[in-house]
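Open your viewer, switch to cartoon view and get ready to click along. We will go from one stop to the next, selecting a few residues each time.

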Amino acid sequence: MIRKAVGYSRYSTDLQNERSIEDQEALIRKYASINDLALDRLYSDAAQSGASILGRDSLLQLLADAKTGAFDVVIVEELDRLSRDMEDLAGIHKRLSFAGVEIMAVHEGVASTVTVGLRGLVGQLFREDNARKIRRGLSGRVSQGLSAGGRAFGYRPHQVKRGA
(Lines give C-alpha, C1' and ligand atoms only; values in the text may rest on other atoms or scores of the structure.)
Protein backbone atom coordinates (compact mmCIF):
# COMPACT_ATOMS: atom_id res chain seq x y z
CA MET A 1 0.00 0.00 0.00
CA ILE A 2 1.39 3.39 -0.99
CA ARG A 3 1.29 5.87 1.85
CA LYS A 4 0.15 9.46 1.40
CA ALA A 5 2.83 12.05 2.13
CA VAL A 6 3.27 15.80 2.32
CA GLY A 7 6.44 17.84 2.28
CA TYR A 8 7.49 20.80 4.38
CA SER A 9 10.22 23.32 3.59
CA ARG A 10 11.42 26.56 5.15
CA TYR A 11 14.21 29.08 4.95
CA SER A 12 15.05 31.50 7.72
CA THR A 13 15.40 35.08 6.52
CA ASP A 14 14.69 37.29 3.57
CA LEU A 15 18.48 37.56 3.15
CA GLN A 16 18.58 33.94 2.01
CA ASN A 17 17.95 32.67 -1.50
CA GLU A 18 14.27 32.09 -2.29
CA ARG A 19 15.38 29.09 -4.39
CA SER A 20 15.99 27.31 -1.11
CA ILE A 21 12.30 26.32 -0.99
CA GLU A 22 12.42 24.99 -4.58
CA ASP A 23 15.63 23.09 -3.86
CA GLN A 24 14.15 21.52 -0.72
CA GLU A 25 10.97 20.62 -2.59
CA ALA A 26 13.00 18.91 -5.34
CA LEU A 27 14.74 16.78 -2.71
CA ILE A 28 11.38 15.98 -1.09
CA ARG A 29 9.86 14.92 -4.44
CA LYS A 30 12.83 12.68 -5.20
CA TYR A 31 12.73 11.14 -1.71
CA ALA A 32 8.99 10.44 -2.01
CA SER A 33 9.49 8.79 -5.40
CA ILE A 34 12.36 6.60 -4.22
CA ASN A 35 10.42 5.52 -1.11
CA ASP A 36 7.09 4.82 -2.87
CA LEU A 37 5.28 7.65 -1.12
CA ALA A 38 2.42 9.47 -2.85
CA LEU A 39 3.31 13.13 -2.42
CA ASP A 40 0.01 14.96 -2.06
CA ARG A 41 0.96 18.48 -1.02
CA LEU A 42 3.92 20.75 -0.31
CA TYR A 43 3.81 23.19 2.60
CA SER A 44 6.39 25.96 2.91
CA ASP A 45 7.22 28.98 5.04
CA ALA A 46 9.50 31.51 3.35
CA ALA A 47 11.69 33.86 5.39
CA GLN A 48 10.54 32.35 8.70
CA SER A 49 12.91 31.56 11.54
CA GLY A 50 12.99 28.07 12.99
CA ALA A 51 13.21 29.60 16.46
CA SER A 52 9.44 29.38 16.95
CA ILE A 53 6.36 27.94 15.31
CA LEU A 54 4.57 31.28 15.78
CA GLY A 55 3.87 33.02 12.49
CA ARG A 56 4.61 29.91 10.45
CA ASP A 57 1.19 29.56 8.87
CA SER A 58 2.03 26.61 6.62
CA LEU A 59 3.50 24.58 9.48
CA LEU A 60 0.45 25.32 11.61
CA GLN A 61 -1.80 24.29 8.70
CA LEU A 62 0.20 21.08 8.28
CA LEU A 63 -0.32 20.26 11.97
CA ALA A 64 -4.05 20.98 11.68
CA ASP A 65 -4.32 18.81 8.55
CA ALA A 66 -2.47 15.98 10.31
CA LYS A 67 -5.24 15.83 12.92
CA THR A 68 -7.76 15.04 10.17
CA GLY A 69 -5.79 12.04 8.90
CA ALA A 70 -5.08 13.75 5.58
CA PHE A 71 -1.66 12.08 5.24
CA ASP A 72 0.61 9.44 6.77
CA VAL A 73 4.08 10.95 6.36
CA VAL A 74 5.73 14.37 6.51
CA ILE A 75 8.94 14.65 4.49
CA VAL A 76 11.52 17.33 5.29
CA GLU A 77 15.06 17.84 4.08
CA GLU A 78 16.30 17.85 7.68
CA LEU A 79 14.54 18.04 11.03
CA ASP A 80 15.75 21.61 11.59
CA ARG A 81 13.40 22.70 8.80
CA LEU A 82 10.54 21.92 11.20
CA SER A 83 12.17 23.73 14.12
CA ARG A 84 15.48 24.81 15.62
CA ASP A 85 13.89 24.85 19.07
CA MET A 86 14.10 21.68 21.19
CA GLU A 87 10.68 22.11 22.76
CA ASP A 88 8.91 22.96 19.50
CA LEU A 89 10.53 20.09 17.58
CA ALA A 90 9.63 17.61 20.32
CA GLY A 91 6.07 18.99 20.40
CA ILE A 92 5.70 18.74 16.62
CA HIS A 93 6.98 15.15 16.71
CA LYS A 94 4.62 14.30 19.57
CA ARG A 95 1.55 15.81 17.85
CA LEU A 96 2.31 14.14 14.53
CA SER A 97 3.00 10.79 16.21
CA PHE A 98 -0.28 11.03 18.11
CA ALA A 99 -2.04 11.62 14.76
CA GLY A 100 -0.33 8.53 13.33
CA VAL A 101 1.95 10.61 11.09
CA GLU A 102 5.59 9.69 10.62
CA ILE A 103 8.33 12.27 9.98
CA MET A 104 10.94 11.33 7.39
CA ALA A 105 14.02 13.47 6.81
CA VAL A 106 15.78 13.16 3.45
CA HIS A 107 19.25 13.13 5.05
CA GLU A 108 18.34 11.40 8.32
CA GLY A 109 15.60 8.86 7.64
CA VAL A 110 12.64 8.18 9.91
CA ALA A 111 12.53 10.50 12.91
CA SER A 112 12.50 8.77 16.28
CA THR A 113 12.38 10.20 19.78
CA VAL A 114 16.17 9.91 19.93
CA THR A 115 16.86 11.67 16.61
CA VAL A 116 14.30 14.37 17.43
CA GLY A 117 15.98 14.95 20.81
CA LEU A 118 19.48 15.07 19.35
CA ARG A 119 18.61 17.18 16.31
CA GLY A 120 16.50 19.50 18.47
CA LEU A 121 19.48 20.05 20.79
CA VAL A 122 21.92 20.58 17.90
CA GLY A 123 19.52 22.93 16.08
CA GLN A 124 18.91 25.04 19.16
CA LEU A 125 22.64 25.24 19.98
CA PHE A 126 23.37 26.30 16.39
CA ARG A 127 20.70 29.00 16.51
CA GLU A 128 21.89 30.35 19.88
CA ASP A 129 25.55 30.31 18.76
CA ASN A 130 24.67 32.09 15.53
CA ALA A 131 22.75 34.78 17.46
CA ARG A 132 25.80 35.43 19.67
CA LYS A 133 28.04 35.78 16.60
CA ILE A 134 25.61 38.18 14.93
CA ARG A 135 25.43 40.34 18.08
CA ARG A 136 29.26 40.31 18.29
CA GLY A 137 29.50 41.46 14.65
CA LEU A 138 26.94 44.23 15.14
CA SER A 139 28.72 45.37 18.29
CA GLY A 140 31.98 45.52 16.32
CA ARG A 141 30.35 47.75 13.69
CA VAL A 142 28.99 50.06 16.38
CA SER A 143 32.42 50.33 18.06
CA GLN A 144 33.82 51.43 14.67
CA GLY A 145 31.19 54.16 14.47
CA LEU A 146 29.26 52.36 11.74
CA SER A 147 25.59 51.54 11.49
CA ALA A 148 24.56 48.22 13.00
CA GLY A 149 21.41 47.95 10.95
CA GLY A 150 19.42 49.23 8.05
CA ARG A 151 18.54 52.81 7.36
CA ALA A 152 17.58 54.83 10.40
CA PHE A 153 14.32 56.74 10.08
CA GLY A 154 14.89 60.30 8.93
CA TYR A 155 18.46 59.73 7.67
CA ARG A 156 19.83 59.37 4.17
CA PRO A 157 22.88 57.22 3.37
CA HIS A 158 26.12 59.15 2.91
CA GLN A 159 27.39 58.74 -0.66
CA VAL A 160 31.07 58.64 0.32
CA LYS A 161 31.14 57.04 3.76
CA ARG A 162 29.31 53.74 3.32
CA GLY A 163 27.94 52.37 6.60
CA ALA A 164 28.53 55.63 8.43
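Select Tyr-8 first: opposite this residue, in strand β2, stands Tyr-43. Strands here are DSSP runs of E with at least two residues, helices are runs of H or I with at least four, and both are numbered from the N terminus. This is a predicted model, in which local features need pLDDT of at least 70 and side-chain atom pairs count only at pLDDT 80 or more, while totals for chains, interfaces and linings use all residues. Residues are numbered from 1 along each chain as its sequence is written, and side-chain values use heavy atoms, with hydrogens and water left out.

Now show β1 and β2 together. They run parallel, joined by eight bridges; two strands count as paired if DSSP finds at least two bridges between them.

Next, select residues 19–34, which are helix α1. This helix packs on the sheet and touches β1, β2, β3, β4 and β5; a contact means heavy atoms within 4.5 Å. The direction of α1 makes about 165 degrees with that of β2. Such angles run from 0 to 180 degrees between N-to-C directions, with axes fitted to C-alpha atoms, for helices over the stretch in contact.

Time to look at the whole sheet. In what order do the five strands lie? The order is β2-β1-β3-β4-β5, in an open sheet with mixed pairing. β2 (37–45) and β5 (109–110) are at the edges with a single partner strand each, so one side of each has no neighbour in the sheet.

Move on to β3, residues 73–76. Val-73 and Ile-75 point one way and Val-74 and Val-76 the other, and all are buried, meaning under 20% relative accessible area with a 1.4 Å probe, counting protein chains only. In a regular strand the side chains alternate between the two faces of the sheet.

Now look at the partners of β3. Strand β1 (residues 3–10) pairs with β3 in the parallel sense over three bridges, and Ala-5 stands opposite Val-73. Strand β4 (residues 102–105) also runs parallel to β3, joined by four bridges; there, Val-76 has Ala-105 as its bridge partner.

For the last stop, zoom out. The chain has four helices and five strands, and from the N terminus on they run β-α-β-α-β-α-β-β-α. Of its 164 residues, 32% count as buried.

Technical notes
Buried < 20%, exposed > 50% of the residue type's maximum accessible area, 1.4 Å probe, protein only.
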